[in-house]
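Please open the structure in your viewer and keep the selection tool at hand.

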Amino acid sequence: MRRLLIALLGVLVLQLGVVQAAVAQDPTTTTEPTTTVAPTTTVGPTTTTEPTTTVAPTTTVGPTTTAPGPEFGVFDRQPASGPVRTVIAVKSVTPCVPPAEAPNPNVTVALFNQRDIDQNTVTAFEVFAVGADGTWSGKVTVPGDAELGKYFIAAACFAGVSQTEEPFLIYQEQRFTVTAAAGAPPAAAVPGAPTVTG
């Protein structure tokens, strides 16, 4: 179970890496029109520019994307905030339809804050079964000892092959804020005029 949680935290790092790679690829494609400028110039025949095009095969990270990588989706959580012991309802919006060979498809949902990331742990987690159509739902309870503040809720779908497998779908994380419990109501005023003795 611990390996699965570490894998889930690794998923968040992977997701950040995918976003960074996408950003890095956009300037590369913007560079291609610049390559069109190169043939206009006499510099175009210079073969030195063409090895720069060899950078595009270095962008052959694309074929790595050709290998089946995780897809991305959206899930819902309600409510968005609450005190400790709040029950958070989570459910798929984007179904995570399992691969045909998936023996035990499931989704792992984790609640964590920045301190948890630093300590490589989570505040709470649950594992839910995924239906054949990819839908899932469940509840995650904020522990009684959770500290106040901002949290993330992450979810990822696994085929159920092993504890160290990569997810086949990663959900965009949601936010949750652990708030202070509502205080006791103020004491009711006693009607009537005060009496002074002595």
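Begin by selecting β2 and β4, two strands that run antiparallel and are joined by four bridges. Within this pairing, select Asp76; the bridge partner of this residue in β4 is Lys91. Please bear in mind that the model is a predicted one.

The three strands form an open sheet in the order β2-β4-β7, with antiparallel pairing. Which strands lie at the edges? They are β2 (75-78) and β7 (137-141), each of which pairs on one side only. From one strand to the next, the twist averages 25°.

Next, select Cys96 and Cys157. A disulfide joins these two residues, with an S to S distance of 2.1 Å, and the structure holds one disulfide. In general terms, a disulfide is a covalent bond between the sulfur atoms of two cysteines. The pair links distant parts of the chain, 61 residues apart: Cys96 is in the loop between β4 (87-92) and β5 (106-112), whereas Cys157 is in strand β8 (residues 149-158). The angle about the S-S bond is -80°, and the link is left-handed. Are these cysteines buried or exposed? Both Cys96 and Cys157 are buried.

Finally, turn to the largest nonpolar core, which has 25 residues. Select Val107, Val109, Trp136 and Tyr171, the residues with the most contacts inside this core. Elements that give two or more residues to the core include β4, β5 and β6 (124-129), while β8 gives the most, with four residues. To end, display the surroundings of Val107: among the residues that Val107 touches are Phe128, Trp136, Cys157 and Tyr171.

Definitions and conventions: Residues numbered from 1 in each chain as written. Predicted model: local features only at pLDDT ≥ 70, side-chain atom pairs only at ≥ 80, totals over all residues. Heavy atoms only, no water. Disulfide = S-S within 2.5 Å. Buried < 20%, exposed > 50% of the residue type's maximum accessible area, 1.4 Å probe, protein only. Core = buried A, V, L, I, M, F, W, Y, C linked by side-chain atoms within 4.5 Å. Contact = heavy atoms within 4.5 Å. Pairing = 2+ DSSP bridges. Axes fitted to C-alpha atoms, helices over the stretch in contact; angles between N-to-C directions. Lists of a residue's contacts leave out its neighbours within four places in sequence.
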